[in-house]
Amino acid sequence: MSLVLDLLSGLLIVVGALFVLSGGIGALRMPDFYTRVHGSSLTDSLGPVLILVGLMLEAGASLVSVKLAAILLFLMITSPTASYALCHAALQSGLKPRATKLNTSSPASGEEQKLQ
Amino acid sequence: MTTMLIGIFLLSLLVVTAFAIVRATELFSAVMLSGIFSLLMALNFFILDAADVALTEAAVGGGVATVLLLAALKLTPPAEAPSRGLSGLSVVVVAVTTLLMIYASFGQPSLGDPDAPAHGHVASWYIEHTPELIDIPNTVTAVLGSYRAYDTLGEAFVVLTAGIGVMFLLGGGRGKPFSRLQTGTAEGLSQHLIPKVVARILIPFILLFALFIQFHGEYSPGGGFQAGALFVAAMILFTLVRGERRALAVITPRALLLMSAGGAFLYGLVGLAGIATGGQFLEYNTLASDPIAGQHLGIILIEFGVGVTVTGVLLSIFHAFIARD
Amino acid sequence: MNLAEHLPALQVALPLLTAPLVILLRAGFLAWFSAFLASLFSFALSVQLTIAVLQGGTLEYWIGGWEPPYGISMVVDGFSALVLLLITGASTLALAGGRLSLRRDIDNRRAPMFYGAWLIAVAGLCGIAVAGDAFNVFVFMEISSLATYILVAAGRDRRALSAVFKYIMIGTIGATFYLIGVGFIYMMTGTLNFADMAVRLEDDMDTRPIVIAAGFITIGLALKAAIFPLHIWLPRAYTYAPDAVTVFMAACSTKVALYILMRFNYEVFHGNLLGHSELFTAFVIPLALTGILVASAIAMFQGNLKKVLAFSSIAQIGYITLAAGLTSEAGLMAALLHMFNHALAKGGLFLCAMAFVFTAGSSALSQLQGIGRRMPWTMAAFVVAAMSLIGVPGTAGFISKWYLIVAVMEWNTWGPALVAAIVISSLMAVVYLGRFIELAYFGEPPAGNAGLLEVSIPLRCLIWATALLNIGFGLFPQLPLALATDGTARLLGGLY
Amino acid sequence: MEILGLFNYWAFAVLLMVGLYALISKQNLVKKIMGLTIFQSAVFLFFITTSKLEGGTAPILQAGKDWTIFSNPLPQVLILTAIVVGISVTALALAVVVRINEEYGTIEDDEILAKDREA
């Protein structure tokens with residue numbers, strides 16, 4: 001039983017770590033601000049969720065698990081809000097998503113274009 | 001060993017972040033990086049067994065300092081002027097200092113060395129005698145609140161002085177610490193559903209946690225300062241979501257001023273109470289019939305004083321910055 | 001409950017606890033008045049403490065009833081009493097004399113904050129003077145520094161702001177260097193109490209971290225004390241601060257850093273650190289000497305009275321460090337005496353400068369032409385204080401210069417050269433002060449301002465009282481001598 | 001091992017250097033303040049390093065727990081105070097910067113100096 005639990009928690013943690021890693025790569029490699037936020041929000045949401053669940057399996061039914069669950073709950077509330085606030089602020093300050101860039105004459109430079 | 005390796009990894013990250021802060025020309029990203037720097041520093045403190053310090057660094061460096069820097073950036077130009085290259089003299093000064101310190105490090109006790117002189121003498125006396133003299137589990141709080149209460153008194157007044165300074169420089173004076181309110185930003189994010197709802201969920205928890213840290217500081221990491229910083233974090237969140245005006249209606253400027261002055265004054269009064277009851281300045285043994293009860297009472301009172309001052313001052317500073325346009 | 005035994009704690013607690021009450025006040029006058037009263041009572045307390053020290057020797061106070069090194073202790077000896085007298089005396093003098101000047105500089109609505117900061121500055125400086133614990137010194141150094149930044153930033157000229165920013169940066173570097181030094185010492189000894197440090201340092205004499213610690217502490221405090229060439233913050237801060245603040249700062253703030261510098265180097269390091277005396281001498285004396293000469297020379301070419309006096313302060317700090325660097329009994333004696341006498345003279349000079357600025361509206365020398373004829377009383381007091389600064393016999397300044405020259409002569413073969421430097425810089429002082437005095441008496445007043453013009457009679461009395469103190473302590477120097485003897489004996493306790 | 005145990009001190013030295021460099025050679029006042037923060041944080045790191053004890057835990061003595069070694073509480077207390085001092089200095093310095101910007105219209109040190117010279 002404990003072996004199964006160990007394996008399962010290990011698997012969850014590894015997969016969670018992979019999500020964190022992909023989030024990191026996404027934040028570096030994505031073309032514009034909004035897609036980058038999309039990438040890094042993986043680091044915020046799915047990654048920690050899997051890791052925390054893995055840790056909870058490891059800790060078993062104890063106070064530690066309750067604390068981890070509380071952390072999980074707060075993460076699930078706060079990190080999407082943070083991503084939302086970030087994108088919203090960017091949109092309000094006039095940063096245009098790259099996909100909607102229509103009739104700009106300047107060549108795509110890989111940099112975000114600011115609206116005038 | 002593992003701890004040491006994690007430590008080395010975190011320290012390297014810290015150094016990299018520090019370089020990035022110095023190199024960044026956009027002040028906004030430098031501020032974000034310095035927030036990251038503080039959180040990394042807090043992690044380092046945590047693996048070095050300094051839970052109280054880690055909590056404080058996270059709340060202060062990651063929270064309050066970042067908010068203050070952002071508030072100041074709103075009022076100042078956002079980018080650094082183009083650099084003029086390395087300054088020769090400063091590089092020399094700085095390099096010499098570093099070399100001196102690395103040179104000194106070879107005579108120093110290695111990390112965690114149990115025979116280091118710092119751990120004997122005074123420190124071991126604290127660990128040994130705190131259970132019988134003060135009887136609270138958290139030795140850090142015992143040292144902070146009783147053995148070195150005078151330093152903590154100084155700390156409370158340093159905070160008060162900073163508050164006085166910011167209100168003096170940026171405020172309007174005469175019980176109105178803040179110059180004027182901008183109508184445009186006074187509404188906050190109240191039109192935005194998601195932050196509003198989330199803040200409504202979070203704020204009670206943050207306040208609860210602040211109270212827990214305030215009054216549980218004798219048993220677990222925390223104390224007046226951390227509690228105050230957290231309380232301020234909750235109020236700042238409230239201000240962001242509901243707007244400046246509503247926040248100032250909840251805690252009025254006059255109340256903030258009273259809190260700032262009152263908390264520090266309360267601390268001093270506890271000190272004088274020691275004299276009045278026949279002890280020394282800041283002696284708690286004489287506050288109650290039983291010395292241990294007296295110690296507990298004294299520590300709770302001064303921690304409360306610190307918490308109130310910190311809340312008052314940090315909120316005043318925050319409002320003083322954002323109320324200026 | 002016997003209040004007399006709690007004097008050291010009350011000395012700090014009184015101004016400190018009055019400050020939060022002052023900031024709650026709404027009216028400028030009330031704030032000034034309560035700050036003045038608190039300052040006056042603090043002065044009374046330091047007089048009491050001085051009497052207690054002179055009668056009963058060194059006082060020790062255990063805060064919280066905890067025995068040092070576990071708790072924090074306060075130690076008051078002759079030297080601390082001397083510094084305490086300077087701090088509270090200067091604060092009272094500046095508040096009393098500066099009421100009108102401050103009322104013009106600080107708008108009424110912000111006055112409560114200003115006077116709150118003033119009291120905190122007094123409390124912080126007093127806290128350093130009575131501290132017996134190295135970290136406690138750091139905390140109170142930061143309290144007093146933060147408060148002083150606020151006081152300087154209150155200057156009306158916008159240059160006060162840029163001056164204060166520089167002051168904040170350099171002050172914080174100084175304090176942090178000091179903290180690093182304390183950290184190294186703590187790491188090697190496990191204690192923070194001065195007396196305990198001295199005892200425990202004997203065990204690990206001359207380990208590298210301790211040497212580095214001595215370096216950091218000395219440099220950090222030298223930054224705070226504005227020892228040449230680490231003085232760059234001082235002239236602008238003194239010049240652009242409100243005039244009354246300059247009176248207060250000039251008399252005591254750098255002195256307190258020097259006080260703790262001497263305390264650390266003598267009580268903790270000397271005798272415990274191999275070759276420390278020689279190193280200290282070799283480090284301090286050249287700096288002090290260049291400081292004396294260069295700052296005096298710069299002072300001769302300044303176009304602003306407050307700047308002249310500020311550079312003169314740097315030169316005078318040079319005298320004090322020179323005397324302290326001799327590491328001899330006579331040298332220390334001279335250093336302590338000069339600290340006291342310079343504060344008297346410089347306090348008097350800045351007080352007169354404040355009066356001039358108040359009536360003439362500017363401290364630029366060109367605006368002050370002929371001011372001596374328009375304000376004969378104030379100007380005469382200025383001349384008396386100037387004579388004390390130069391060291392004319394019969395004034396307080398003469399006593400300390402005499403002690404200084406004697407100490408230098410008995411130092412070693414370099415003595416005569418140092419005496420020559422002291423004489424040259426005294427002559428330069430004659431030049432830079434004489435230049436202003438000449439221009440004040442014989443210069444042509446700016447157009448349209450030639451009438452007789454004096455400050456109010458109470459202020460004139462205060463100015464003259466200060467001037468007379470300069471003469472009084474020159475003729476009857478028993479009090480500072482007694483305090484300096486006691487302080488020297490304690491400082492040298494570690495040397496022999 | 002022995003040498004790795006000194007890594008904290010080296011990080012301290014480098015951070016101190018980086019902070020001091022930014023403090024003295026950057027012209028932008030906000031950047032100077034950030035340098036000051038790094039500079040102070042380095043010192044905090046140094047103190048906390050001296051408090052660590054091999055195999056120890058945070059100095060919270062819980063009855064019934066089997067920890068017997070506790071890290072040194074004293075440097076932690078000192079740093080708690082020092083952190084508070086640090087944020088106070090930062091807040092005050094930022095307020096001064098805001099005022100400087102209002103008066104001079106710039107927060108670059110050399111430009112301020114130039115404007116001072118003109119006056």
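1. Buried here means under 20% relative accessible area, exposed means over 50%, and partly exposed lies in between, with a 1.4 Å probe and protein chains only. Helices (H or I, at least four residues) and strands (E, at least two) are DSSP runs numbered from the N terminus.

2. The model is a predicted one, in which local features need pLDDT of at least 70 and side-chain atom pairs count only at pLDDT 80 or more, while totals for chains, interfaces and linings use all residues. Residues are numbered from 1 along each chain as its sequence is written, chains are lettered from A and ligands numbered from 1 in the order in which they are written, and side-chain values use heavy atoms, with hydrogens and water left out.

3. The length of helix H13 of chain C (residues 305–325) may be checked against expectation. At 1.5 Å a residue, its 21 residues should span 30 Å, and the end C-alpha atoms are 30 Å apart, which agrees. The expected span is defined as 1.5 Å times one less than the number of residues.

4. Both ends of H13(C) deserve attention. At the start of the helix, a side-chain oxygen of C:Asn304 comes to within 3.0 Å of the backbone nitrogen of C:Lys306. Just after H13(C), C:Thr327 adopts a positive phi of about 45 degrees.

5. What surrounds C:His6? Leaving aside neighbours within four places in sequence, this residue is in contact with B:Ile275, B:Gly279, B:Gln280, B:Phe281 and C:Tyr61; contact means heavy atoms within 4.5 Å. C:His6 belongs to the segment before helix H1 (7–24) of chain C, and it is buried, with a relative accessible area of 2%.

6. The side chains of C:His6 and C:Tyr61 are joined by a polar contact of 2.7 Å. A polar contact is a pair of N or O atoms within 3.5 Å; within protein, one must be able to donate a hydrogen and the other to accept it, and residues adjacent in sequence count only if both atoms are side-chain atoms.

7. One joins C:Pro68 and C:Pro69, with omega of about 10 degrees; C:Pro69 sits in the loop between strand E1 (59–62) and strand E2 (73–76). The bond from C:Phe228 to C:Pro229 is also cis, with omega near 0 degrees, and C:Pro229 occupies the loop between helix H9 (208–225) and helix H10 (234–240).

8. The loop between H9 and H10 of chain C also holds C:Ala226. Phi of C:Ala226 is near 60 degrees, a positive value in a residue other than glycine, and C:Ala226 is buried, with a relative accessible area of 0%. In chain B, B:Asp135 likewise has a positive phi near 60 degrees. B:Asp135 lies in the loop between helix H5 (121–133) and helix H6 (139–147) and is partly exposed, at 43% relative accessible area.

9. Chain B contains 12 helices and zero strands. Its C-alpha atoms fill a box of roughly 60 × 50 × 40 Å along the principal axes. Of its 325 residues, 58% count as buried, and residues 24 or more positions apart supply 69% of the contacts with a separation of 6 or more.

10. Chain A has four helices and zero strands. Of its 116 residues, 21% count as buried, and residues 24 or more positions apart account for 57% of its contacts with a separation of 6 or more.

11. Which chains touch? Chain A and chain C have no contact, their closest C-alpha atoms lying 32 Å apart. Chain A and chain D do not touch either, and their nearest C-alpha atoms are 15 Å apart.

12. Finally, C:Pro416 is part of helix H18 (residues 415–442) of chain C. At 47% relative accessibility, C:Pro416 counts as partly exposed. The C-alpha atoms of C:Pro416 and C:Val22, 394 residues apart along the chain, are separated by 53 Å.
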